[in-house]
Structure formats: structure tokens, C-alpha cells
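Hi,

Here is the structure I promised to pass on. Have a look at it first, and my notes follow below.

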Amino acid sequence: MRRQMQDRRFDAEAVFALSRRCAWGAPLVALCLPFRGAAPFPTTFWLTCPFLRDRCSREESRQGVPAFEAFLRRRYSRWVAYHLRSSLIRLALLSEGARRFALLHRRAAWASLRKGGVGGTRLGSAPTVKCLHLQVASWLGLGEHPGEAWLRERFAPVSCPSPDRFSCLGEKRHE
């Protein structure tokens with residue numbers, strides 16, 4: 001995973017586990033802890049795959065974020081449920097000690113974790129999508145998403161056809 005992320009600003013210390021691997025066995029999505037130091041880390045699922053990161057960037061350059069938000073508006077009740085589930089997952093990743101510490105000494109951080117859904121976004125009157133990378137990571141990490149049909153149409157298959165082109169090749173399977 002470190003090889004995959006060498007060109008990205010990413011703190012590997014935030015990784016709790018791998019949530020999913022690609023068909024070639026390389027890390028696809030990392031599961032991240034809710035705190036990095038004393039600050040909330042908003043991304044529960046982090047897309048590590050260079051193939052999918054490139055595809056997400058291309059889709060974003062074609063106005064993919066507003067298109068995805070429009071798609072999700074038609075599924076708003078499912079988005080609300082997904083948002084709340086994402087918040088609960090982040091809270092469940094906290095140890096009992098971290099939870100107590102946040103409640104007692106980092107009330108603003110606790111409130112941020114409690115209210116933040118996918119990517120730490122707040123629930124509003126319409127879905128807010130920070131980026132497609134985050135949505136694809138959440139979809140693949142959880143195995144479902146209220147926008148799955150839209151995501152599948154643009155991003156399936158999720159494994160690259162030729163792994164020789166990407167920096168994840170050569171990773172040891174136990175990393």
C-alpha cells in the first residue's frame with residue numbers, strides 16, 4: 001500500500017486495516033481510524049488503487065461530482081440512512097478509551113465525528129459529495145452505496161485489466 005500511495009499525501013498511521021483487495025491481490029481500499037493524533041480523520045475508507053484513483057479523477061474532470069449529487073438527490077432517503085451508517089461505523093472504530101477521551105477533552109472533535117457521515121460531510125437538505133474517490137472507496141469498502149448503480153456504470157470493473165502499468169504490482173499480499 002505504501003508503494004501505491006507514494007505519490008499521494010497520506011498518513012499510513014491512520015490505516016486500521018485493509019477493507020478490500022483487487023482481483024490481483026493488491027490493496028484497493030483501506031479502512032482508516034477516526035482520529036489522526038487529536039484531530040478527526042474524516043475518511044473512513046481510503047481508495048488506494050492507482051487505477052481507480054485515475055478513473056475517479058477523469059470522471060471528476062467531466063463534472064462527475066455534480067452529476068452524482070443529482071443522482072443521489074433522487075435517492076435522498078437512502079443517502080440519509082447511508083450517511084448515518086457511516087457516522088456509526090466511524091464511532092464504532094473508536095476504542096472505549098478514545099471515546100471517553102473525546103467526550104471529556106475533545107468535545108468539538110466528538111461532535112464532528114458524531115455528525116459527520118461519508119467523508120465527514122454534514123447532512124443537509126441535499127447530498128454533498130466531496131469527491132468521487134471517497135464515494136468509490138465507501139462503496140467498495142462497505143459493499144453497498146445508495147449511488148451504486150451510478151458508480152457501477154462508471155467504475156466497473158474495479159480491477160485494472162493490466163496490472164503491469166500500475167505501481168501496486170509487486171506488493172506482498174500480507175501488507
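Helices here are DSSP runs of H or I with at least four residues, strands are runs of E with at least two, and both are numbered from the N terminus. This is a predicted model, so local features need pLDDT of at least 70 and side-chain atom pairs count only at pLDDT 80 or more, while totals for chains, interfaces and linings use all residues. Residues are numbered from 1 along each chain as its sequence is written, and side-chain values use heavy atoms, with hydrogens and water left out.

Let's start with α2, which covers residues 50–61. Buried residues in α2 include Phe-51, Leu-52, Arg-53 and Arg-55; buried means under 20% relative accessible area, exposed over 50% and partly exposed in between, with a 1.4 Å probe and protein chains only. Cys-56 in α2 is buried too, because its relative accessibility is 0%.

On the cysteines: the structure has zero disulfides (a disulfide being a pair of cysteine sulfur atoms within 2.5 Å). For Cys-56, the nearest cysteine sulfur is that of Cys-131, 7.5 Å away.

Gln-63 sits in the loop between α2 and α3. It isn't a glycine, yet its phi is positive, about 65 degrees. Gln-63 counts as exposed because its relative accessibility is 51%.

Next, how do α3 and α8 cross? The axes of α3 (residues 64–73) and α8 (residues 148–155) come within 9 Å and cross at roughly 145 degrees. Axes are lines fitted to C-alpha atoms, for helices over the stretch in contact, with angles from 0 to 180 degrees between N-to-C directions. On the α3 side, Gly-64, Ala-67, Phe-68 and Phe-71 meet Ala-149, Trp-150 and Leu-151 of α8, where contact means heavy atoms within 4.5 Å.

Arg-152 is also in α8, and it counts as partly exposed because its relative accessibility is 43%. Its side chain makes a polar contact with the side chain of Glu-148 at 2.5 Å. That term means a pair of N or O atoms within 3.5 Å; within protein, one must be able to donate a hydrogen and the other to accept it, and residues adjacent in sequence count only if both atoms are side-chain atoms.

Last one: Pro-157, in the segment after α8, is joined to Ala-156 by a cis peptide bond with omega about 0 degrees.

Cheers

Note on methods:
The expected span of a helix is 1.5 Å times one less than its number of residues.
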